[in-house]
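Please open the model in your viewer and keep the sequence panel beside it. The stops below each begin with a selection and then say what is found there.

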Amino acid sequence: MNLIYIGKLVNTHGLKGEVRIISDFEYKEKIFIKGIHLYIGKDKEEVTIESYRPHKSFDMCVFKEYSYINDVLKFKGQNVYVDREELKLNDNELLDSDYISLRCAYKEKIIGYIEEVVDNNGYKLFNINGKYIPKNENFIEKVDLENKTIYLKNLEGLI
């Protein structure tokens with residue numbers, strides 16, 4: 001099982017066991033659906049989403065296993081994970097964590113490695129050896145996961 005961090009369960013809502021999850025996960029539409037299994041806390045307790053709704057900046061969920069506020073209070077402040085296999089990503093869909101440690105090539109030269117993917121107010125940036133490159137199709141030519149290389153383009157003036 002390959003668990004991926006998707007957010008934090010920050011509070012309960014109402015008496016019927018609904019919880020508030022705060023998440024900036026890029027594929028929310030693939031995980032916050034009925035029947036998906038989430039894993040909560042250090043023990044990775046498995047729960048199944050019974051219902052979901054967005055509310056303000058939160059993702060509100062009710063779990064099939066719990067129907068009362070006292071049952072879900074133990075999850076308050078815990079991290080929430082999903083199994084990568086359950087995401088069912090397409091071949092062209094990558095998680096931010098997939099980019100970490102990829103070799104960066106520009107004009108047939110290796111310019112460094114991606115150290116992290118930074119969220120700058122909803123705009124993602126690659127940190128490549130201390131320099132920040134926008135994560136969008138204008139700068140990514142090709143991603144080759146087999147050779148662990150990302151080919152970049154249009155970097156004149158950025159590096």
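Begin by selecting Lys56, which is found in the loop between S4 and strand S5 (58-63). In this predicted model, Lys56 has a positive phi of about 55 degrees although it is not a glycine, and with a relative accessibility of 76% its side chain belongs to a residue that counts as exposed.

Now zoom out to the whole protein chain. Its secondary structure consists of 4 helices and 12 strands, and its C-alpha atoms fill a box of roughly 60 × 30 × 25 Å, taken along the principal axes. Of the 159 residues, 42% are buried, while the accessible surface comes to about 9,500 Å², with 46% of that belonging to carbon and sulfur atoms. If you display contacts between residues at least 6 apart in sequence, 52% of them join residues at least 24 apart.

For the next stop, colour the strands S7 to S12. These 6 strands form an open sheet with mixed pairing, in the order S10-S9-S8-S7-S12-S11. The edges are strand S10 (131-134) and strand S11 (140-144), each of which pairs on one side only. On average, and with direction ignored, neighbouring strands of this sheet are turned by 35 degrees against each other. Within the sheet, select strand S8 (residues 109-120) together with strand S9 (residues 123-128), which pair in the antiparallel sense over 6 bridges. Here Ile114 stands opposite Ile128 in S9.

The remaining stops concern aromatic rings, so show the side chains of Phe, Tyr and Trp, whose rings pair if their centres lie within 6.5 Å. By this rule the count comes to 6 aromatic pairs. Select Tyr5 and Tyr81, whose ring centres are 6.0 Å apart and whose planes stand at 70 degrees, so that the pair is edge-to-face. Because Tyr5 lies in strand S1 (residues 3-13) and Tyr81 in strand S6 (residues 78-83), the pair ties together parts that are 76 residues apart in sequence.

Continue to Phe32 and Tyr52, an aromatic pair that is stacked, with 5.0 Å from centre to centre and 15 degrees between the planes. Phe32 is in the loop between helix H1 (28-31) and strand S3 (37-40), and Tyr52 is in strand S4 (residues 45-55), so this pair links distant parts of the chain, 20 residues apart. Phe32 is buried, with a relative accessible area of 4%, while Tyr52 counts as partly exposed at 30% relative accessibility.

Select Phe63, Tyr66 and Phe75 next, and you will see a cluster linked by ring pairs. Finish at Arg20 and Phe58, where the charged end of Arg20 sits over the ring of Phe58, 4.9 Å from the centre of that ring.

Conventions. Residues are numbered from 1 along each chain as its sequence is written. This is a predicted model: local features need pLDDT of at least 70, side-chain atom pairs count only at pLDDT 80 or more; totals for chains, interfaces and linings use all residues. Side-chain values use heavy atoms; hydrogens and water are left out. Rings of Phe, Tyr and Trp (its six-membered ring) pair if their centres lie within 6.5 Å; planes under 30 degrees apart count as stacked, over 60 as edge-to-face and the rest as tilted. Helices (H or I, at least four residues) and strands (E, at least two) are DSSP runs, numbered from the N terminus. Buried means under 20% relative accessible area, exposed over 50%, partly exposed in between (1.4 Å probe, protein chains only). A charge sits over a ring if NZ of Lys or CZ of Arg is within 6 Å of the ring centre and within 35 degrees of the ring normal. Two strands pair if DSSP finds at least two bridges between them. Axes are lines fitted to C-alpha atoms, for helices over the stretch in contact, and angles run from 0 to 180 degrees between N-to-C directions. Contact means heavy atoms within 4.5 Å. Accessible areas come from the Shrake-Rupley method with a 1.4 Å probe; for residues, only the protein chains shown count as cover.
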